[in-house]
Amino acid sequence: MGDILALAERYRNEGADEVVFYDITASPEGRSVDRAWVRRVAQVLDIPFCVAGGIRSVEDAEAILNEGAEKVSINTPAISNPGLIDELASRFGSQCVVIGIDSANVGQGADNSYRVFQFTGDPNRSRNSGRDTLQWVKEVQERGAGEIVLNCMTSDGVRRGYDVAQLTAVRAICDVPLVASGGAGSPDHFVDVFNKAGVDAALAASVFHSGSIAIPDLKTTLAAAGIEVRL
Amino acid sequence: MSAVAIIDSGGANIASLRAALARLGADSVVTTDHDLIRRAPRVLLPGVGSAHNAMLRLRGAGLDQLIPTLKQPLLGICLGMQLLFDRSDEGPVNCLGVIPGSIGKLQSEPGKPVPHMGWNQMTQVREDPLLDGIGSLDHVYFVHSFFAPTSSATVAITDYGVALTAVARRDNFCGTQFHPERSGVVGARLIANFLKQGS
């Protein structure tokens, strides 16, 4: 809890434009995100923040939004129960409803075939849901998703750059804000994903947590590359 | 008496608004009580969700009759600003009618997805105490799918494919399309400016 608040304030002070809190083990462990800290975060943060983790019902989402989060992000529960997206969008408006998608290329060679994975918070339970990523991106928009965070699993954690090919394919059919996730290792990776894949935002965790990329330096690099950022 | 009465419009951003006020040392009360609202030095009208549902809720509490009669500074935020206009296409529904004009739907286009969510610059088009000390090109945080076209009530505009009203005012009624409570130091300054009014 202390760590969460300190990190939140650090990122806010460094110029992060949004903070996403992932409780990634919530779905595999069959529980909802712990809400006690959401209100504390809302008290200190004056930038938008999104909460993700095991939100399975309108009531789960409402509790988190009422504590002061801007948005809730749904991943595994949306795959198990797609109607939840419709319910959330109709109750709170699309702008509150972020759909997180963990996607990997399961194609052979040059044949790209993107599939949605679920329960990805636990390596032992993570599995291919069988859903085609591009079809799923279309479906969640029709159901009322207001934003999509595409986490490209083959890039995630290896810091070799975002999966520009996959993000470009999704961008082509995504009319709502698209956030790139997975693979950031250097400031140039951010420049690439904005310029080549046309995403609206780029998310990263480990490079910021470790301090290997400082947010002010990153934003200076982006601005120098002609990408509009809040400095 | 609390410095601000926040009209309980059922929106989910009330907690973050109260936190933003608390960071500025202002206490607030969340209410639909006519007497409390009428006597408050300042009134905030938040709103998240659809204009149709928000108006139903305001009407259910008789607030559609009360709000237009208020004389103290009132700040509508996001949907709360839109509700100050005559009507909204989101329904469609008749709104509070204290600012002339009609709310329309944003059309998505390449590079401008809808909902519009993110940090954008605003440009001030006329002087207003709400924007004291705020630079014309400062970024503020937007989350919306409907917008107020520019009009004589427009104080600041943001370009998002169309020129949309970022800040509006008519007399004591003002509003921001963006979320000052989530717009960092710029938003905090705007709220502080609002708190200076009516005192």
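Predicted model: local features only at pLDDT ≥ 70, side-chain atom pairs only at ≥ 80, totals over all residues.

Trainee: Is Arg159(A) buried, exposed or partly exposed?

Mentor: Let's count neighbours. A residue is buried with 20 or more other C-beta atoms within 10 Å, and exposed with 12 or fewer. Arg159(A) has 17, so Arg159(A) is partly exposed.

Trainee: And what is Phi of Arg159(A) near?

Mentor: Good one to check! Arg159(A) is a residue other than glycine, and its phi is positive. The value is near 60 degrees.

Trainee: Is Phe119(A) buried or exposed?

Mentor: First, find Phe119(A) in the loop between strand S5 (114-118) and strand S6 (127-132) of chain A. Phi of Phe119(A) is positive too, near 55 degrees. Phe119(A) has 21 C-beta neighbours inside 10 Å, and the cut-off is 20 or more, so Phe119(A) counts as buried.

Trainee: Over to chain B: is the peptide bond from Gly91(B) to Pro92(B) cis or trans?

Mentor: Start with the place: Pro92(B) lies in the loop between strand S5 (85-88) and strand S6 (93-94) of chain B. Omega of the bond from Gly91(B) to Pro92(B) is near -10 degrees. That peptide bond is cis.

Trainee: What is omega near for the peptide bond from Val114(B) to Pro115(B)?

Mentor: Pro115(B) lies in the loop between strand S7 (99-105) and strand S8 (116-121) of chain B. The bond from Val114(B) to Pro115(B) is cis, with omega near 5 degrees.

Notes
Residues numbered from 1 in each chain as written. Chains lettered and ligands numbered in written order. Helix = DSSP H or I, 4+ residues; strand = E, 2+ residues; numbered from the N terminus.
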